[in-house]
Structures are given as structure tokens and as C-alpha cells.
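Welcome! Have a look at the structure below, and then we will walk through a few of its features together.

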Amino acid sequence: MKGLARTGRGAPGWVEKEKPVAGPRDAIIRAIAIAPCNSDVHLIWGEMGNFLPGDRIMGHEALGVVDSVGNEVRDFKVGDRVVVPAITPDWSTVPSQQGIHQHCNGPLTGMPFDMLKDGTFAEYFHVNDADANLAHLPDGVTVEQALMVVDMMTTGFYGAEMADVKLGDTVAVFGIGPVGQMAVAGAHLLGAARILAVGSRPNLVELAREYGATDIVDYRKGDTVRQIMDLTDGQGVDAVVVAGGNASTIGEGLTVLKNGHTLANLNVMEEATLPIPLGPMAFGLGGKTIRGDLCPGGRARMEKLLALVKAGRIDPGKLINYRYTTFEDLLSALMVMHDKPKDLIKSAVILE
Ligand code: NDP
Ligand code: ZN
């Protein structure tokens with residue numbers, strides 16, 4: 001079978017490999033839809049992917065049809081159309097039992113795709129612990145919608161959850177790429193009164209408004225902190241989600257965050273240190289919390305998010321604005337995420 005690998009830093013390339021084989025509790029999935037993530041871009045072009053072997057097939061966002069299952073798999077059979085979370089942990093470990101499934105066997109190991117084994121940029125791919133990690137594609141949910149659930153929606157929503165958004169809150173979301181868009185939508189569904197979305201590109205600003213943003217802050221047109229403080233009469237915000245920018249964006253977020261509240265970081269950060277301004281942290285005593293995590297995965301999480309889509313509470317399919325239709329197009333879909341044309345929100349290959 002064919003797959004798209006990281007053959008070296010900044011070098012995506014096609015590889016031929018044997019089709020993977022399912023262990024007793026695993027499934028092999030034939031891909032019907034695949035999307036590249038900005039985290040794949042970080043891993044392929046950034047230094048952080050240097051630990052990967054030179055034939056590692058990348059990718060962690062996909063939907064597929066079950067091609068084979070191990071003899072202990074109960075709930076999935078050959079031919080089922082399934083939603084595959086980006087995060088497919090080993091649910092048997094102690095960290096998983098403690099609710100830390102994203103780091104079930106050490107840092108980031110809840111995402112074996114990319115990190116520990118071949119990912120979803122392949123004609124066929126392997127899913128561990130199929131009963132716990134796959135979800136059935138529900139009737140009434142499109143392939144495009146479900147594809148945007150597996151990583152973008154679970155991540156963005158988790159940003160709003162980690163930031164502890166409450167009814168009536170004023171929330172700032174830094175970055176309105178696909179992850180930030182979903183953070184806006186998550187904050188909206190959790191009952192935020194105002195959502196200040198920080199971004200600049202017109203089609204993303206328009207979509208953020210559709211997902212629930214009440215105010216737009218253009219970080220290219222003046223100081224972001226000043227703009228947010230002006231919009232909130234100098235009060236700041238009750239919750240911050242960071243889904244764009246860089247390490248200094250965390251400092252901006254902490255500056256506009258009220259004392260006692262939480263900032264949630266979703267960005268993959270390659271900087272060595274985090275500059276934290278202590279003045280706005282009430283000289284280190286402001287009770288502000290910084291959280292940052294990999295998105296939650298697994299079957300139960302997918303089923304809850306898919307239920308929201310099926311009920312018409314959110315349409316994450318609107319994120320995809322660069323569509324491709326053949327497996328060979330996967331390289332173009334990845335390159336577009338790397339090259340970032342001005343109107344790009346999210347690219348995807350929809351095969352069936
Ligand atoms: P994009 O690159 O598509 O979007 C980034 C956004 O940040 C854009 O809206 C951009 O604005 C904005 N931005 C850039 N600079 C600033 C700044 N200085 N201040 C405020 N906003 C700024 O990224 P994605 O949405 O795809 O992903 C966001 C991050 O989440 C990435 O680092 C990705 O790797 C990570 N990620 C994390 C996951 C997790 O589990 N935690 C899962 C998936 C992704 P503009 O409109 O000008 O372009
Ligand atoms: Zn991702």
C-alpha cells in the first residue's frame with residue numbers, strides 16, 4: 001500500500017509498505033477521508049519531528065471503512081463506516097485510569113499515530129483497541145463533518161472546556177484557524193455571553209462570527225491587549241483560549257485574563273521557554289491558571305461530539321475550504337497547509 005511519510009526534515013514523500021495487520025483487539029481501516037493537521041506541518045517541517053524514523057507515515061485525522069478486525073473486537077465489523085479519533089490511547093494504563101489518557105504511556109503517547117507508529121496518510125492504517133477508540137459514523141452526519149470532529153472539534157472544544165467557560169462569561173480566543181474556530185463554537189455552546197476572536201483574515205473572521213464570535217480583534221491593526229481591554233471597559237476576560245500566535249501570545253492572554261481565571265493553550269509551541277509577565281499576574285499572586293494539553297480522544301468523546309453535530313448544534317464541516325478527491329492529492333492537501341494561501345481554513349481529501 002501507499003503512504004505519505006516524513007522522509008526527513010521538511011521532506012514529505014511517498015512510501016510503499018506492507019498493509020498493517022490487526023492484533024486481537026485492533027482494527028485495520030481503509031481510509032475514505034483524510035485531513036492534514038497543522039501539527040503534521042510542525043512535525044514534518046519542524047525540529048520536533050527529528051526523532052521520527054525516515055519512513056514514518058504521518059497523519060492523524062481520518063475516517064474509514066473497517067477492512068479487518070481482531071478476534072476480540074466486539075462492536076465493529078468489516079464494512080462498518082467509522083470515525084477515527086486523532087487520539088487513540090492505550091486505555092489499560094494507570095494514567096488512562098487517572099483521566100490522563102492523552103499521556104497514557106508517557107508524554108503525548110495518547111497519539112500513537114505520527115508519534116509511535118504509522119498514521120492515517122495511508123490507504124490502510126492500524127487502530128489499537130478498536131472497541132474503545134472507534135466510533136460508528138452516525139446517519140445524518142456527513143463525512144466532511146465527522147472528519148472535522150476527530151481533531152479540530154475535540155481540540156477547540158477542549159480549549160473552551162479547559163478554560164472553564166461558564167454561562168455569561170466573556171471569553172477571548174487568540175487565533176481563528178480551524179482549531180480557534182472550534183474554540184469559539186465550543187465557548188458559544190458552553191454559554192459565553194461575549195466571545196472576542198483574535199484574527200485577521202476576512203473569510204476566517206466571517207466564519208468566526210457564524211460560530212458565535214461577538215467581537216473581532218485584529219492583531220495586525222494595533223496592540224491586541226489594548227484592544228481587548230478597551231472592548232471590556234478595562235475589565236479583561238473570564239477565560240482565554242490560545243489557538244494561534246506564539247509563546248508571547250500566552251503573555252498577552254495572561255495580561256487580559258482576570259485574576260483567579262484560566263488560560264488554556266492549544267498551540268504546539270516550539271520555543272524553549274515561556275515568557276510570563278508577572279505584573280499582570282498580580283506579581284505572581286493573581287491565582288491565574290495556565291493549562292495546555294493534547295485534545296481528548298477515544299470513542300466516548302467522539303460519540304458525544306458527533307451527537308452535537310447530528311442534533312444540528314454545530315456544523316464543523318464548514319471548516320473545509322480546500323477539497324481534494326484522490327489519494328494522490330494528499331500531498332497537495334498537505335502542501336497547502338504548509339504554504340498557507342491567504343484564504344485557507346482547512347484542507348481535506350474526501351475519497352468516498
Ligand atoms: P492556523 O495556523 O490555521 O491558525 C492560527 C491562527 O492564529 C490564525 O487565525 C492566525 O491569524 C492567528 N494568529 C497568528 N499570529 C497571531 C498572533 N500573534 N496573535 C493572535 N492570533 C494570531 O492553526 P490551527 O487552527 O490549525 O492550529 C492552531 C494550533 O493548534 C497549531 O499550533 C496546531 O499545531 C495546534 N493543534 C493542537 C492540538 C492539540 O491537541 N492541542 C490539535 C490540533 C492542532 P490570521 O488570520 O492572521 O492567519
Ligand atoms: Zn492534529
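A311 sits in the loop between α10 (299-310) and β15 (320-324); helices (H or I, at least four residues) and strands (E, at least two) are DSSP runs, numbered from the N terminus. This is a predicted model, where local features need pLDDT of at least 70, side-chain atom pairs count only at pLDDT 80 or more, and totals for chains, interfaces and linings use all residues. Residues are numbered from 1 along each chain as its sequence is written, chains are lettered from A and ligands numbered from 1 in the order in which they are written, and side-chain values use heavy atoms, with hydrogens and water left out.

Is A311 buried or exposed? With a relative accessible area of 57%, A311 is exposed (buried is under 20%, exposed over 50%, partly exposed in between, with a 1.4 Å probe and protein chains only). From A311 to H338 there are 27 residues in sequence and 34 Å in space, C-alpha to C-alpha.

| α1 | N38, V41, I44 and W45 |
| α11 | L334, M335, M337 and H338 |

The axes of α1 (residues 38-45) and α11 (residues 330-339) come within 9 Å and cross at roughly 85 degrees; axes are lines fitted to C-alpha atoms, for helices over the stretch in contact, and angles run from 0 to 180 degrees between N-to-C directions. The two helices are therefore roughly perpendicular (65 to 115 degrees).

Finally, C37 and H60 are both buried.

Methods
Angles under 35 degrees count as roughly parallel, over 145 as roughly antiparallel, 65 to 115 as roughly perpendicular and the rest as oblique. Contact means heavy atoms within 4.5 Å.
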